[in-house]
Amino acid sequence: IVLNLPIHIGATLFMSITALVLFLLYVQNRSHKHGNLTIDSKKKGANVASFFAIVASTYMASQSTSTYVAMIPVLIGSLIAILLGAFFASVADVWYAVGTGQFQMISLDTSVILSYFVAPLFVLYFRFLLKYGDFCEARIVAIVSFASSIGIIPTDVSYDIENTTMVSLLLSMGVFVAIGVPLINSLCPLGGYMYGRLYTHGQPNTKHIALCVKFADLFNDAASMDEREDLWKFLNSRENDEKAASLNVFVTIEDMKHNASLMKELIAAGHFVGITTSKECSSFDVFQWHNIEGLVKKSCEEYLDITGDKPSWFHVGNTNTVGVHPSSLRTSYELGMRSAMWSVHINVTQSTGLSDKDLTNIVDGVKQYRGGNFIYITASKRSKGDGSVAVALQQVVSEIRVLEEKGYVFAHMSSVAKENPGMHLS
């Protein structure tokens, strides 16, 4: 069978562009517009390579009938999982689900409602094929013959409608899988909702905001002591009925071993302290889930030894750490902790703090949801401990305090994301 590649490319591009338009609409209107949730920026090149690998392998498989027929169940299964994941994620995003519990509840309701629409569509589709399938095939053959006769496509090419459709379907599904997986991963932490009690934000309309930071980004360098002292004074300053601003500081097991006294001082000063991990994730960590599970348990035990209380929150950290590994999320859940990500993640790259664009992104999120925001501020490697994070935190607090709508409180994680909250609809 000789295949005409332009026909397959045309069908593939049409299907792919349609899917990309739908994804684009989702991206433009999603709740968390600033910062990928689960994709490491260093791995975007691998996603591009995977895309070309899938398309190339699918085309090569199309040269052998038995090979591409064997690939169909794999690609169809992947495609269905992607479409269902995207559908559940988009519905939950519109409803602004708070935590794993609400996400699962919305997904369950969505799946039931979906069956009322999808099942009839399948019935109508097969009824259409049964009644008009032969007519449609005859028209396609006529169109191909006409195109051959006027020279649009070569006349020495023989076509098999069934195989031509099959190859186009395979290429389209390959594109869907290659593009869909990275997009869904960057928009919704489906794995986190499956394995742990994950929160990307708290309840809206409460005017409670969580400022999250890693311990090492504040206390890594003694040269930034002045900036930190200025930060403590600024957080404790208040006007009229304003409350002192609290930080949510997350410590690794190394931080706890070397800075136990400073950790106690933070808690005594009214700040919240949770645990996190800074161990970078590698390709082999998928086989080392026992080690990752042990790391979370040791961190929990160390926290208990220092404070006398069990930690209540685990922060997944950056997207390139083992905090996003399913073992970390599952273990934190088994130990009674809730896991946190972010509403907006800003990485400070300059000693002067945040740019105007970064501040605008943060303030826009606060204005839109009037509370419940998890603002996660980290430092790049060259900015760690130089005071840039301390300056950035002051900028964020200052910008939100001068908003026209007053009353915002920088509170502990548990106050921002309550497990059984009351309703705040306005």
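In this predicted model, strands β7 (residues 344-348) and β8 (residues 374-379) run parallel and are joined by 5 bridges. Within this pairing, Val348 has Ala379 of β8 as its bridge partner.

The side chains of β7 alternate along the strand.

Strand β2 (residues 208-214) is largely enclosed by the rest of the structure, because 6 of its 7 residues are buried.

| Partner of β2 | Bridges | Residue pair |
|---|---|---|
| β3 (residues 247-251) | 4 bridges | Lys214 and Phe250 |
| β9 (residues 409-410) | 2 bridges | Ile209 and Phe410 |

Elsewhere, a nonpolar surface patch of about 750 Å² is formed by Phe122, Tyr125, Phe126, Phe128, Leu129, Tyr132 and Phe135. Of these residues, Phe122 belongs to helix α4 (residues 99-149). Phe122 counts as partly exposed because its relative accessibility is 48%.

Confidence in the model is as follows. The protein chain has an average pLDDT of 77, and 67% of the residues score at least 70. Over residues 1-8 the pLDDT stays under 50, and the model has 16 contacts beyond four places in sequence for them. The pLDDT also stays under 50 over residues 38-42, for which there are 13 contacts beyond four places in sequence.

How values were computed: Residues numbered from 1 in each chain as written. Predicted model: local features only at pLDDT ≥ 70, side-chain atom pairs only at ≥ 80, totals over all residues. Heavy atoms only, no water. Patch = residues over 30% accessible without salt bridge, like charges linked within 9 Å, V, L, I, M, F, W, Y side chains within 5 Å. Areas by Shrake-Rupley, 256 points an atom, 1.4 Å probe, with all protein chains shown as cover. Salt bridge = Lys/Arg side-chain N within 4 Å of Asp/Glu carboxyl O. Buried < 20%, exposed > 50% of the residue type's maximum accessible area, 1.4 Å probe, protein only. pLDDT = per-residue confidence, 0-100. Contact = heavy atoms within 4.5 Å. Pairing = 2+ DSSP bridges.
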